[in-house]
Amino acid sequence: MPSNTRPLIRKPLVRLADVRVMRHVPTVPFRHSAREPRPNRSRVAFVLSGGGNQAVAQVGMLRALIEREITPDVVIGTSAGALNAVAVAASPTLAGVAQLANVWGELSGGEVFPGGRLSRAWNVVRRGTYLFDSAGLDGLIDRATRARTFDDLAVPLRVIATDLDSGEEVVLASGPLKPALLASTALPGVFPIVAHDGRRLVDGGVVDAVPLWHALSSAVDVVYVMNVSSTGHDRPLRSPLDVVMTSFAHSRNLRFELELRHAPPEVEIVVLPRPRDVRDLFDFSGSETLIDEAHRLACAVLDDREPVVPDRARVFRRFRSA
């Protein structure tokens with residue numbers, strides 16, 4: 001169990017106001033509607049990072065949270081984490097998590113990345129803009145949730161994508177779900193660009209692999225961060241795509257660290273630890289083992305955590321990953 005906890009006390013690199021100016025990201029108002037917190041109940045946000053096949057570990061984290069009756073008032077997801085986010089936003093229950101675990105357990109690399117090596121080589125030769133079509137992702141979305149629009153969800157959801165032309169971060173929180181999810185998972189050069197709402201959109205992880213700030217812009221007391229994205233040292237470099245993903249990881253982790261430093265002190269942030277995952281990007285085996293290990297690590301942190309009392313000052317603690 002990662003027992004080493006410490007206060008995160010660092011001198012800010014820039015002012016909080018400067019962060020807002022640099023990002024140019026519009027915030028989406030958080031409406032509790034029917035999920036208005038009960039008296040003495042903390043307002044909770046779940047943040048699910050990108051990470052490709054490593055996002056399977058988020059299933060174990062979600063199970064640990066919901067077992068302890070910790071349910072979200074808003075869910076924010078990017079890239080592969082957006083697929084898990086929509087599932088829990090549709091059904092924030094143990095049954096919903098079990099269904100999500102089944103989806104991951106049945107998933108294969110050939111389904112997500114159809115066509116094999118010959119198809120990838122042909123797409124490179126013909127100078128197309130992507131290596132794989134999105135048919136596999138399309139089917140995966142259908143299996144992850146029966147919801148078709150954001151309004152169908154039990155919990156408000158925000159999906160993060162990137163505007164390919166401007167580089168802006170795009171927050172999708174209304175309308176049809178499928179184009180939002182396809183956009184958020186459209187890894188540039190790997191999957192097709194998604195035309196949606198007058199924009200050309202690609203993977204949200206390009207600019208925001210751990211969309212913490214969107215939770216902090218809401219009226220929340222506690223944020224549970226499920227960051228499973230690679231640090232750049234976990235996976236061996238077996239392909240050009242591994243090199244690309246590792247390079248992305250460095251810049252994305254720097255942004256997450258910056259947002260942690262500028263988190264409001266009155267909001268408690270709990271970063272759940274992730275299991276070690278050395279599989280390559282195309283390997284979806286061993287999902288049950290990774291889910292169980294993520295569940296074990298999350299349970300240890302959550303059971304060691306002090307109860308949160310709303311409307312009192314909190315000490316910001318970061319639980320470091322194993």
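Buried means under 20% relative accessible area, exposed over 50% and partly exposed in between, with a 1.4 Å probe and protein chains only. Helices (H or I, at least four residues) and strands (E, at least two) are DSSP runs, numbered from the N terminus.

View 1. Six of the eight residues of H8 are buried, so H8 is largely enclosed by the rest of the structure. The buried residues of H8 are Leu177, Ala180, Leu181, Leu182, Ala183 and Ser184. This is a predicted model, in which local features need pLDDT of at least 70 and side-chain atom pairs count only at pLDDT 80 or more, while totals for chains, interfaces and linings use all residues. Residues are numbered from 1 along each chain as its sequence is written, and side-chain values use heavy atoms, with hydrogens and water left out.

**View 2. The protein chain as a whole.** The protein chain has 11 helices and 10 strands. Of its 322 residues, 54% count as buried. The accessible surface of the chain comes to about 14500 Å², and 54% of that surface belongs to carbon and sulfur atoms. Accessible areas come from the Shrake-Rupley method with a 1.4 Å probe; for residues, only the protein chains shown count as cover. Among contacts (heavy atoms within 4.5 Å), those with a separation of 6 or more come to 79% from residues 24 or more positions apart.

View 3. The structure holds eight aromatic pairs. One of them joins phenylalanine 113 and phenylalanine 282 edge-to-face, at 4.8 Å centre to centre and with 70° between the planes. Phenylalanine 113 lies in the loop between helix H5 (109–112) and helix H6 (116–125), and phenylalanine 282 in the loop between strand S9 (268–271) and helix H11 (287–304), so the pair ties together parts that are 169 residues apart in sequence. Rings of Phe, Tyr and Trp (its six-membered ring) pair if their centres lie within 6.5 Å; planes under 30 degrees apart count as stacked, over 60 as edge-to-face and the rest as tilted. Phenylalanine 113 is buried at 7% relative accessibility, whereas phenylalanine 282 is partly exposed at 28%. Both residues belong to one aromatic cluster, formed by Trp104, Phe113, Phe132, Phe191, Phe282 and Phe284.

**View 4. Packing of helices H4 and H7.** Two packed helices are described by the angle between their axes and the distance between the axes. For helix H4 (residues 94–106) and helix H7 (residues 135–144), the angle is about 155° and the axes are 10 Å apart. That makes H4 roughly antiparallel to H7. The contact is made by Gln99, Val103 and Glu106 of H4 and by Leu140, Arg143 and Ala144 of H7. Axes are lines fitted to C-alpha atoms, for helices over the stretch in contact, and angles run from 0 to 180 degrees between N-to-C directions. Angles under 35 degrees count as roughly parallel, over 145 as roughly antiparallel, 65 to 115 as roughly perpendicular and the rest as oblique.

View 5. Threonine 78 is found in strand S3 (residues 74–78) and is buried, at 0% relative accessibility. Leaving aside residues up to four places away in sequence, threonine 78 touches Leu48, Ser49, Gly50, Ile160, Ser184, Gly204, Gly205, Asp208, Ala209, Val210 and Pro211. Serine 79 is placed in the loop between S3 and helix H3 (80–90) and is buried at 10%. Serine 79 has a positive phi of about 55° although it is not a glycine.

View 6. Glutamate 69 sits in the loop between helix H2 (57–67) and S3. Its phi is positive, about 60°, although the residue is not a glycine. Most residues other than glycine have a negative phi. Glutamate 69 is exposed, with a relative accessible area of 72%.

View 7. Isoleucine 193 is found in the loop between helix H8 (177–184) and strand S6 (194–196) and is partly exposed, at 34%. Not counting residues up to four places away in sequence, isoleucine 193 touches Leu164, Arg200, Leu201 and Val202. Isoleucine 193 and aspartate 203 are 10 residues apart in sequence and 8.8 Å apart in space, C-alpha to C-alpha. Alanine 195, in strand S6, is exposed with a relative accessible area of 70%. Alanine 195 and aspartate 163 are 32 residues apart in sequence and 9.8 Å apart in space, C-alpha to C-alpha.
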